[in-house]
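Open the model in a viewer and keep a selection panel at hand. The stops below go from strand to strand and then to the aromatic side chains.

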Amino acid sequence: MKRNWILVVILSVMLSMVHAIPFHIHKRAQTISSQQLIEKLHLTPNPEGGYFVEFYRDKSVIKKVGLPDNFDGDRSFSTAIYYLLKGKEFSSFHRLRSDEGWHYYTGNTGVKIYEIRPDGELVVHNLGNDLVNGEIFAVVIEKGSWYGAELSDQSNDNFSLVGCTVAPGFENADFEMAKLESLSKQFPQHAEIIKKLTRE
């Protein structure tokens, strides 16, 4: 009887291992598609390219008197969006009056962000979760910089979901889309990447 009880315990443990391990591996290997993310997060097309949704807007307000002169009114303390790029889509060069933090969430490739600072310096930020190969989880783009972004690997099924946090909070009045001719004249040394990531 004791021997049978031991066999039952051993078999139970073996069965639990056989069933548990494959499910564990399956769950870790399971991925979500870009289309599923678009649907589940209610993302919509962004004028600069890609897809987005604003999921946070602080109800607290900074009065205009407490902001730099280039702001035309009151602003929320902070706003945040989900932002998704897939395939050969890109974020067109643009600039904001506020700093913007980019945070990597998920995807099967990273994001290259090209930042042209006011003094003309081009800084390439590699956003992603491959820290061994030089990617970083988060980066802050300085206010006043022109910047655009594309996937590190632009294969058709590739995508990246990131978050973008702006403080003071985003308003359309603080957003400026770059024009190809004028930005290329301003920074002729970066004409190639400007042409690649500008729509107008």
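Which residue in E11 does Ser91 stand opposite? Select both to find out: Ser91 stands opposite Ala149. This is a predicted model, in which local features need pLDDT of at least 70 and side-chain atom pairs count only at pLDDT 80 or more, while totals for chains, interfaces and linings use all residues. Residues are numbered from 1 along each chain as its sequence is written, and side-chain values use heavy atoms, with hydrogens and water left out.

**Strand E11**

Select residues 146-151, strand E11. Strands here are DSSP runs of E of at least two residues, numbered from the N terminus, and two of them pair if DSSP finds at least two bridges between them. Ile113 has Ala149 as its bridge partner in E11.

Now colour by accessibility, with buried meaning under 20% relative accessible area, exposed over 50% and partly exposed in between (1.4 Å probe, protein chains only). In E11, 6 of the 6 residues are buried, so the strand is largely enclosed by the rest of the structure. In a regular strand, side chains alternate between the two faces of the sheet. On one side of E11 are Trp146, Gly148 and Glu150, on the other Tyr147, Ala149 and Leu151, and all are buried.

**Strand E7**

Move to residues 99-107, strand E7, which runs antiparallel to strand E12 (residues 159-167) and is joined to it by 8 bridges. Asp99 has Ala167 as its bridge partner in E12. Strand E10 (residues 138-141) is also antiparallel to E7, with 4 bridges; there, Val139 is the bridge partner of Trp102.

**Aromatic rings**

Rings of Phe, Tyr and Trp (its six-membered ring) pair if their centres lie within 6.5 Å; planes under 30 degrees apart count as stacked, over 60 as edge-to-face and the rest as tilted. The count comes to 5 aromatic pairs. Select Tyr83 and Trp102: their ring centres are 5.9 Å apart and their planes at 80°, so this pair is edge-to-face. Tyr83 lies in strand E5 (residues 79-86) and Trp102 in E7, 19 residues apart. Both Tyr83 and Trp102 are buried.

Next, show Phe55, Tyr82 and Tyr105, which form one aromatic cluster. Finish at Tyr56 in strand E2 (residues 51-57); Tyr56 is partly exposed, with a relative accessible area of 38%.
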